[in-house]
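Biologist: I would like to learn how to read a model like this one. Can we take it feature by feature?

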Amino acid sequence: MNIVKEWKHEDVFALELGYGPYWPPLMNVMLYFCRGTLIDSAQSHMLRTVLDWADDKAVKRILLTHHHEDHSGNAAAVARHTKAEIFAHPLTLQKMTTPNRILPYQRWVWGHSEPLVGLPFDEAEHRDDALRLKPIHAPGHSKDHCVFLAPDEGWLFSGDLYLGDRIRYFRSDECLGDQIDSIRSVLKYDFEVLFCAHHPKLKHGKRHLVAKLQFLEDFQGLARKLQGQGKPLRAICREIGIKESWFVRGLTMGNVSLRNMVVSALEEESDAGEITGRKLK
């Protein structure tokens with residue numbers, strides 16, 4: 001059973017999509033549109049719905065937070081359909097030039113992303129009526145992950161930086177140290193609304209991101225404390241205070257698990273450095 005929900009907050013139109021032809025969707029995905037700008041493009045399994053929705057919008061540019069298929073899945077098709085240009089981080093553009101190899105669960109839940117051609121953020125065309133955005137490179141969930149700050153409105157389009165105050169698992173390629181650094185950098189800015197790609201917070205968005213940061217810092221601190229006590233990885237995973245979801249771990253063949261999160265917490269400190277971005281007008 002597919003899920004399609006539309007809603008609006010101030011000038012932002014949101015489309016929430018969940019794909020599950022024979023089962024309830026495992027995860028819903030949001031895409032956002034405001035003043036000519038489409039942020040992310042959702043999973044390719046919902047292509048027809050996205051194109052129909054885009055027909056009612058004057059899409060002039062598409063911004064991608066990162067290359068994952070639930071965010072980039074329909075970008076190329078929407079660009080062809082609306083004649084819009086695609087903008088993304090250079091790493092995203094590099095990853096999206098050829099088909100990405102994905103695991104079976106990614107194909108089942110979201111579908112493949114079509115290769116695309118786009119431009120880096122600093123080549124975005126100026127339009128007087130466009131939403132003014134500041135892209136901020138915020139790695140951790142992926143190396144190319146970015147968020148978009150709307151400073152005039154106090155909005156943050158956060159991609160997968162937030163997801164929730166507390167989380168239970170990581171992909172195998174996620175870096176907890178980088179996520180902590182990224183959240184700290186983003187929290188230097190002022191915003192109230194958190195347009196998350198999966199769990200938006202229309203009130204107290206910054207407060208929720210602070211809670212996520214505290215959770216990650218506490219999680220890392222406890223994992224390293226247990227390691228310092230000589231505990232092996234298996235024992236740390238048992239004593240960390242969060243239960244492993246064996247359904248998720250099994251479905252993803254270990255690509256998503258609590259174990260991955262613990263392993264990342266025990267890695268050396270991130271050297272990602274300062275995270276910066278340019279304004280889009």
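**Pockets, sheet and salt bridges**

Modeller: Start with the lining of the largest pocket: its residues divide into 13 nonpolar, 7 polar and 7 charged. Keep in mind that this is a predicted model.

Biologist: How is a pocket found, and what is the volume of the largest pocket here?

Modeller: The general idea first. Rolling a probe the size of a water molecule over the atoms shows where empty space is left. In this model, the largest pocket holds about 630 Å³ of space.

Biologist: Which residues lie nearest the centre of the largest pocket?

Modeller: Look for Met27, Trp110, Tyr169, Val248 and Val256. They belong to a lining of 27 residues.

Biologist: Which helices and strands each supply at least two residues of that lining?

Modeller: Helix 2 (69-72), helix 5 (104-109), strand 11 (170-171) and helix 9 (246-251) do. Helix 9 gives the largest share, 3 residues.

Biologist: What is the volume of the second largest pocket?

Modeller: About 310 Å³. It is lined by 17 residues, and His67, His68, Arg101, Arg171 and Asp173 are the closest to its centre. By class, the lining of the second largest pocket has 2 nonpolar, 9 polar and 6 charged residues.

Biologist: Is Arg171 buried or exposed?

Modeller: Arg171 has a relative accessible area of 13%, so it is buried; the cut-off is under 20%. Asp173, at 43%, is partly exposed.

Biologist: How many salt bridges does the structure hold?

Modeller: There are 11. Asp190 and Lys206 make one of them, with the closest N and O atoms 3.7 Å apart. That pair links distant parts of the chain, 16 residues apart. Asp190 sits in the loop between helix 6 (176-186) and strand 12, and Lys206 sits in helix 7 (residues 205-228).

Biologist: Why does Asp190 count as exposed?

Modeller: Its relative accessibility is 63%, so Asp190 counts as exposed; exposed means over 50%. Lys206 has a relative accessible area of 22%, so it is partly exposed.

Biologist: What about Glu239 and Lys231?

Modeller: Their side chains meet in a salt bridge, 3.4 Å from N to O. Glu239 is partly exposed at 36% relative accessible area. Lys231 is partly exposed too, at 29%.

Biologist: Which residues are linked in a network of salt bridges?

Modeller: Asp11, Arg35 and Glu153 are.

Biologist: Now the sheet. In what order do its strands run?

Modeller: Read across the sheet, strand by strand. Here 4 strands form an open sheet in the order 8-9-10-12, with mixed pairing.

Biologist: Why is one side of strand 8 and of strand 12 left without a neighbour in the sheet?

Modeller: Strand 8 (134-137) and strand 12 (193-196) stand at the edges. Each has a single partner strand, so one side stays without a neighbour in the sheet. On average, neighbouring strands of this sheet are turned by 20 degrees against each other, direction ignored.

Biologist: How many bridges join strand 9 to strand 10?

Modeller: Strand 9 (residues 146-150) and strand 10 (residues 155-159) are joined by 3 bridges. These two strands run antiparallel. Find Ala150 on your screen: Trp155 in strand 10 stands opposite.

Definitions and conventions:
Residues are numbered from 1 along each chain as its sequence is written. This is a predicted model: local features need pLDDT of at least 70, side-chain atom pairs count only at pLDDT 80 or more; totals for chains, interfaces and linings use all residues. Side-chain values use heavy atoms; hydrogens and water are left out. Two strands pair if DSSP finds at least two bridges between them. Axes are lines fitted to C-alpha atoms, for helices over the stretch in contact, and angles run from 0 to 180 degrees between N-to-C directions. On a 1 Å grid over the protein atoms alone, a cavity is a set of points where a 1.4 Å probe fits but cannot get out, and a pocket is an open set with protein on both sides within 12 Å along at least five of seven lines; lining residues have an atom within 4 Å of a point. Grid points are joined across faces, edges and corners, and a volume is the space filled by probe spheres set on the points. Ala, Val, Leu, Ile, Met, Phe, Trp, Tyr, Cys and Pro count as nonpolar, Asp, Glu, Lys and Arg as charged, and the others, Gly among them, as polar. A salt bridge is a side-chain nitrogen of Lys or Arg within 4 Å of a carboxyl oxygen of Asp or Glu. Buried means under 20% relative accessible area, exposed over 50%, partly exposed in between (1.4 Å probe, protein chains only).
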